[in-house]
Every structure is written in structure tokens, then in C-alpha cells.
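I opened my notebook to look up how two chains are built and how they meet. Here is what I wrote down, step by step.

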Amino acid sequence: METHGVRLTPEQARSALADTEHIRASAAALSATPWPNWFFITLTLYVAALPVIYGGVMADGDWLLPRPAWMTIMLTSTAVYLALFAVAAKAWRNKTGVALRLDVLPKRATVPLMVGLPVLLVGAAFAFRVTGRPVWLIAASLISAAASVGFHLAFVHLHRKTA
Amino acid sequence: MSAEFHDPLKGFDTTIHAPNRLRICALLDAAGEAEFGLVQKQLDLSASALSKHVTVLMDAGYVEQRKAVRDTRQRVWLRLTRRGRDAYQGHLAALRAIVGPSDPAL
């Protein structure tokens, strides 16, 4: 078939498409490189601590610590987390040589996380405020930590599978 | 009301079609942005050959570059422009049209 003066057979076109698919797969493996372990641990600790901290902020009256102390802990831990995220992201980009993308995992995994984690965080803190039972915060903390570990393992699996 | 017929072969792009340029576009499309050295390594190209192809793609408005310092050395990051991404997708559509709609592998 002649296209813009270039003669191309279906076999040549198929070969070109197969080549691009091969390159896409190797780029996908790079994009799925998991976080370094130190940041994975930081992230897991942060998401595990957040429900408890948020519960302290939202508690009806002082719980374990005065509310301003919980607020200070929340702001400080978030600032530290964001600073470490910036360091980890830069190191990750330098190591892999590709852009950090948030669309590597399928949407069926990421959308429930984006919706579920805020609901879990606010819901657990609200339930704690209403009932006064910290088990809500502990459960939310454990679920958040499990989600972090699960996503890390998904990246490890995807990275190995596509590499 | 009229239905417009869109010929996928019109998306065939001779600038992209050169084998190494097609591979460069494929890598940048999948990676979002990639460092020059990584592209060179992944596609097994010499720096001068890659530079030549990147210049052609940049002249066509398909690729843009960004310079960043890493470990006191300047690194070049490459990415497809919006126009480049559209042209690449159009070219893939043309290749698929040439192969035919019945190929289950593509």
C-alpha cells in the first residue's frame, strides 16, 4: 500500500506496530518501578498514623492530647511527608529516567483508593467522635497501612511482570 | 445530517515513520517524559543518531526538550508535544488500517 509516497506492506506495518508495543511494554516496566523501601515505609507509617491524628483533631474534647497538639502533629507530619515525597520523587526520576506517572495502575484499583481513603479517614474520625471508641481509628489505621502495602506489592508485581 | 468519513490512512506521517523516530515517539508516548540517556540506552542508539532524530522531531513540533542539572551535569529530558502525541496516534491508526481490522494481535 502506498501512503504519502511510502510503500508499506501489511507485514511491515504489523512489524512496526509490534515494535512500538515492545517499546511501550519496556517503558511501562520503568514507570512501574516501586518506591524505594525507605519511602514505602514512610508512606505506610504516614497513612497509618493519619486516622489516629485526624481522630484526635476531630475528637469531642481532648483525647490523649490537647486538640492544638493534634493539629500541630497533623500539620508537621504532613509537611515532613510532603518534603520526603519531593525527595523520593526526584530520586525516583533520576533512577528510572522517566516521568513519575499516577496512571500506571489500572483505574479499577486507583479509583476506589482515591475515593475510599478519604471516606475511611473522615468516616473513622466521625465514628470515633460519635461513639468515643478508638477502635474505629485503629481499624482505619490498619486498613490504610494494608492498602499501602498492597499497592506497593502491586507495583513490585507489575514491574517484574513487564520488565 | 451527514456522516463524515475519516480515512485513517491520512494520519500516516512520514516524519514519524522513519523506524527510529517511530520508536522514539513510542517510548515518549508511554513514558510521558524520558531522559536523553535513557532513550539512547532503551533504543540502542548512538548519541549523535538520537540527537539527529530528535532534531527532526523538534523541527516538526513533535518533541520538546527540557534541561535539568543532575549531579552537577546537565541532563536533557524529552517529551512529546500535544501535536506530536496526536501525530503519533494518527500514525498508529494508519498502520493499523494498513494491517487490516481482522488482526487480533493489534
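Before anything else I noted that two strands pair if DSSP finds at least two bridges between them. Helices (H or I, at least four residues) and strands (E, at least two) are DSSP runs, numbered from the N terminus.

I also wrote down that this is a predicted model, where local features need pLDDT of at least 70, side-chain atom pairs count only at pLDDT 80 or more, and totals for chains, interfaces and linings use all residues. Residues are numbered from 1 along each chain as its sequence is written, while chains are lettered from A and ligands numbered from 1 in the order in which they are written.

**Entry 1: the sheet in chain B**

I looked up the strand order and found β1-β3-β2 in an open sheet of three strands in chain B, paired antiparallel. At the edges sit β1 (34-35) and β2 (63-70) of chain B, each pairing on one side only. I then followed β1(B) to strand β3 (residues 73-80) of chain B: two bridges join them, and they run antiparallel. Which residue stands opposite B:Glu35 in β3(B)? I found B:Trp77 there. A reminder to myself: strands of a sheet pair through backbone hydrogen bonds.

**Entry 2: the build of chain A**

I listed five helices and two strands in chain A. Read from the N terminus, their order is β-β-α-α-α-α-α. Chain A has a radius of gyration (taken over C-alpha atoms) of 22 Å. Along the principal axes, the C-alpha atoms of chain A fill a box of roughly 75 × 30 × 30 Å.

**Entry 3: the record for chain A**

I checked UniProt, where an unreviewed entry lists residues 38-57, 69-89, 109-128 and 135-158 of chain A as "transmembrane region". Such annotations may be inferred rather than shown by experiment. In the model, residues 69-89 of chain A are 100% helix, with end C-alpha atoms 30 Å apart. Residues 109-128 of chain A are also 100% helix, and their end C-alpha atoms are 28 Å apart.

**Entry 4: where the chains meet**

I found 24 residues of chain A in contact (C-beta atoms, placed from the backbone, within 7 Å) with 27 residues of chain B. Helix α1 (residues 10-31) of chain A gives the largest share of the chain A side, 14 residues.

Conventions: Two residues are in contact if their C-beta atoms, placed from the backbone, lie within 7 Å. The radius of gyration is taken over C-alpha atoms; the globule rule is 2.2 Å times the number of residues to the power 0.38.
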